[in-house]
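Dear colleague,

I am passing a structure to you for your records and would be grateful if you would look it over. My notes on it come after the structure itself.

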Amino acid sequence: MAAPGLAGNGHRLAGRYRPMSEINVTPLVDVMLVLLVVFMVAAPLLTVGVPVDLPQTQAPPINEPKEPLVITVNRDGVIFVAEASVATDALVPKLQAITGANPDAVIYVRGDKQLNYGRVLEVMSLVSTAGFRKVSLVAEAPKGPVVPANRPGSSVRR
C-alpha cells in the first residue's frame with residue numbers, strides 16, 4: 001500500500017492534493033430558477049378547458065375550500081360538465097351520478113357572454129330543480145377602473 005502523499009512510483013506529489021469539501025450550489029440554483037419559470041408559464045394553461053368569454057362583474061370572488069363541479073355553456077348553447085359535452089336531458093342524471101346526489105355539492109355555471117341569458121337560466125333551473133342548493137354563476141372581474149352606476153360622476157343619464 002502506498003504512503004499518503006506519494007505517487008505510484010514513490011515520489012512526492014508536487015503540492016498537496018486535498019479533495020474539495022464544499023458543494024457548488026450554483027448549478028442547483030440555476031436549475032431551480034429554470035423550473036420556477038417553467039411552472040410560472042405553465043400554471044395559467046392548466047385552467048378549465050372549454051373556452052368561454054365570461055362577462056365582467058364587480059362581485060367579490062367566492063372562496064370555497066372544496067373543488068366545485070363546473071358546468072359550462074358555450075357560445076353555441078352546448079352544455080359541458082367538466083369538459084365533457086352533455087345533452088340537456090342528460091344533465092341532471094350526470095350531475096347526480098358525479099355528486100352522489102349530494103344536495104350540498106358546490107356547482108358553478110359558466111356561460112359565454114354572447115349567449116342568450118335564457119339558456120343560462122334554463123341550465124341553472126335544471127340544476128336547482130334537481131335539488132342542488134349551492135349553484136353559482138361565474139364571471140370575470142372588470143378590467144380597469146369601474147364607476148358604479150347611479151352615483152355622482154357616473155355616465156348614466158336619466
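The paragraphs below set out what was found, from the overall make-up to single residues.

This is a predicted model, in which local features need pLDDT of at least 70 and side-chain atom pairs count only at pLDDT 80 or more, while totals for chains, interfaces and linings use all residues. Residues are numbered from 1 along each chain as its sequence is written, and side-chain values use heavy atoms, with hydrogens and water left out.

Overall make-up

The protein has three helices and five strands; helices (H or I, at least four residues) and strands (E, at least two) are DSSP runs, numbered from the N terminus. Along the sequence they follow the pattern α-β-β-β-α-β-α-β. Of the 158 residues, 23% count as buried, where buried means under 20% relative accessible area, exposed over 50%, and partly exposed in between (1.4 Å probe, protein chains only). The accessible surface comes to about 12,000 Å², and 59% of it belongs to carbon and sulfur atoms; such areas come from the Shrake-Rupley method with a 1.4 Å probe, and for residues only the protein chains shown count as cover. Among contacts (heavy atoms within 4.5 Å) with a separation of 6 or more, 68% are between residues 24 or more positions apart.

The sheet

The five strands form an open, mixed sheet in the order S3-S2-S1-S4-S5; two strands pair if DSSP finds at least two bridges between them. Its edges are S3 (84-86) and S5 (134-138), each of which pairs on one side only. Neighbouring strands are turned by 30° against each other on average, direction ignored; axes are lines fitted to C-alpha atoms, for helices over the stretch in contact, and angles run from 0 to 180 degrees between N-to-C directions.

Strand S1 has all five of its five residues buried, so it is largely enclosed by the rest of the structure. Leu69, Ile71 and Val73 point one way from S1, and Val70 and Thr72 point the other way. S1 runs parallel to S4, joined by five bridges, and Val70 stands opposite Tyr108 in S4. With S2, S1 pairs in the antiparallel sense over three bridges; here Phe80 is the bridge partner of Thr72. The hairpin of S1 and S2 has five residues between the strands, and Gly77 takes a positive phi near 85° there.

S4 (residues 106-111) pairs with S5 in the parallel sense over five bridges. Val106 has Lys134 of S5 as its bridge partner, and Arg110 has Val138.

The helices

Helix H2 (residues 91-99) packs on the sheet and touches S1, S2, S3 and S4; its direction makes about 160° with that of S1. Leu91, Val92, Leu95 and Thr99 are buried in H2. They lie on the same side of H2 because they cover an arc of only 95° around the axis, the arc being that of the directions from the helix axis to the C-beta atoms. The buried residues of H2 pack against S1, S2, S3, S4 and H3. Gly100 follows H2 and has a positive phi, near 70°.

Helix H3 (residues 117-129), together with S4 and S5, makes a right-handed β-α-β unit: with the strands pointing away from the viewer, the path from the first strand over the helix to the second runs clockwise.

A loop residue

Glu83 is placed in the loop between S2 and S3. It counts as exposed, at 52% relative accessibility. The C-alpha atoms of Glu83 and Thr72 are separated by 8.0 Å, with the two residues 11 apart along the chain.

Yours sincerely
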